[in-house]
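Here's a quick briefing to read with the model open in your viewer. Skim the lead, then pick whichever topic you need.

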Amino acid sequence: MNTSKQQISATAKAFKDELHKAQTYQSKDLTDEGLEKQRKMLADRVRAKYSKEVDGHRSALYYDRDRSAFDSYRPKLDWNKPAEVAKAQAKWTAVQGKLDAGLSIGQIVSTADKSTLAAINEFYPDHAETMQAGAMTRGQQYEAPDISNVHRAVDDRAAEIGGNTDRAALAKSRQSAGLHAYADATLGHLEQTIAGNVHGASDLQAALDAQYAEQHAMSGGAGLIANHDANASADTGQEAAAVSE
C-alpha cells in the first residue's frame, strides 16, 4: 500500500462520515434499547475498519525511502580518514573564528564549501550545547538546543553547490519529510478519535497542527540566514566570506 496526504485526509473524513452514519442509524423495527445496541455494533465495526486503515498508512510510511533520498549527498566526516579529519578540524577552527568575530552560523553556512559544511554538521552540535549550557542561570534546567534549522541550512547549501542531482534529491527528501510530519499528526489524532478519546485536540486544532508540522518539516534554512540567528554574538552587517578549500 502506498499513501499520500490526500489518502490520509480521505481516510480521516471517511471515518468521521461512517461513524456519524453508524451513530445516527435508524430503524422502526427496533426498540430504543435495541437501536442503541445496533448503533454501538455498527460504530465498533467502523472503528475496527479504520483502525486497520491507519495501520496500513503507517506501514506504507515505514517502507517509504524517499525521506532518506538526500542522505548520500549530505556532507559527512569520515573519521577513518585522518587527512579528512584534520582538514575538517581546521575548517571548524576557521568557523569558530568567524563566530567569535560576530558572524552568525547562518551567514557562514550561506557561503561555505563542502568541507566546511561537513565540519559544521560534525562539530556545531557540541558547540551549540556548550553555548547553551554557558548561558544558563543557576538552578535552571538544561534543555538541549534545537539546531535542526542549522542542519537544514547545511543541506540547502550542499544542494546548491552540488548541482541538479543533489537539489532533486533534497526536494524529494523534504517532500517526504512533510508527508511524514503531516501523517504523524493526522494519524495520531485519528487513532485517538477511533479509540473514543473525546478529550484530545479538536479536529480543527489537529488539522492546524498537521499543517504546521508539514510546513516545518519541508522548510529549508533560509530563515536562519535571513534572521541572522541567535548564535550571532554581534550584528556586524558583514557577509561571511567563503572558507576556501
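What is the mean pLDDT of the chain, and what share of its residues reach 70 or more? This is a predicted model, with a mean pLDDT of 89 and 90% of residues at 70 or more.

**Confidence**
- The stretch to be careful with is residues 228-245, where pLDDT stays under 50.
- Even so, the model gives residues 228-245 40 contacts beyond four places in sequence.

**Overall build**
- Walk along the sequence and you get α-α-α-α-α-α-α-α-α.
- Along the principal axes, the C-alpha atoms fill a box of roughly 85 × 45 × 35 Å.
- Take the contacts between residues at least 6 apart in sequence: 77% of them join residues at least 24 apart.

**Surface and charge**
- Of the 245 residues, 36% are buried.
- The chain exposes about 14700 Å², with carbon and sulfur atoms supplying 51% of that area.
- On the charge side, there are 28 positive and 34 negative side chains.
- The centres of those two charge sets lie 6 Å apart.

**Ile 194, in helix α7**
- Ile 194 belongs to helix α7, a helix that covers residues 164-194.
- Setting aside residues up to four places away in sequence, Ile 194 touches Phe 15, Arg 47, Tyr 50, Ser 51 and Val 54.
- Phe 15 is 179 residues from Ile 194 along the chain, yet their C-alpha atoms are separated by 8.3 Å.

**Lys 49, in helix α2**
- Lys 49 sits in helix α2, which spans residues 32-62.
- With a relative accessible area of 37%, Lys 49 is partly exposed, because that label goes to values between 20% and 50%.
- How far apart in space are Lys 49 and Ile 194, C-alpha to C-alpha? The distance is 9.8 Å, for a pair 145 residues apart in sequence.

**His 189, also in helix α7**
- His 189 is another residue of helix α7.
- His 189 has 19% relative accessibility, so it counts as buried under the 20% cut-off.
- Which residues is His 189 in contact with, leaving aside its neighbours within four places in sequence? They are Ala 201, Ser 202, Asp 203 and Ala 206.
- Arg 58 is 131 residues from His 189 in sequence, and the C-alpha to C-alpha distance is 13 Å.

Notes. Residues numbered from 1 in each chain as written. Predicted model: local features only at pLDDT ≥ 70, side-chain atom pairs only at ≥ 80, totals over all residues. Heavy atoms only, no water. Helix = DSSP H or I, 4+ residues; strand = E, 2+ residues; numbered from the N terminus. Buried < 20%, exposed > 50% of the residue type's maximum accessible area, 1.4 Å probe, protein only. Contact = heavy atoms within 4.5 Å. Areas by Shrake-Rupley, 256 points an atom, 1.4 Å probe, with all protein chains shown as cover. Lys, Arg positive; Asp, Glu negative; His and termini not counted. Charge placed at Lys NZ, Arg CZ, Asp CG, Glu CD. pLDDT = per-residue confidence, 0-100.
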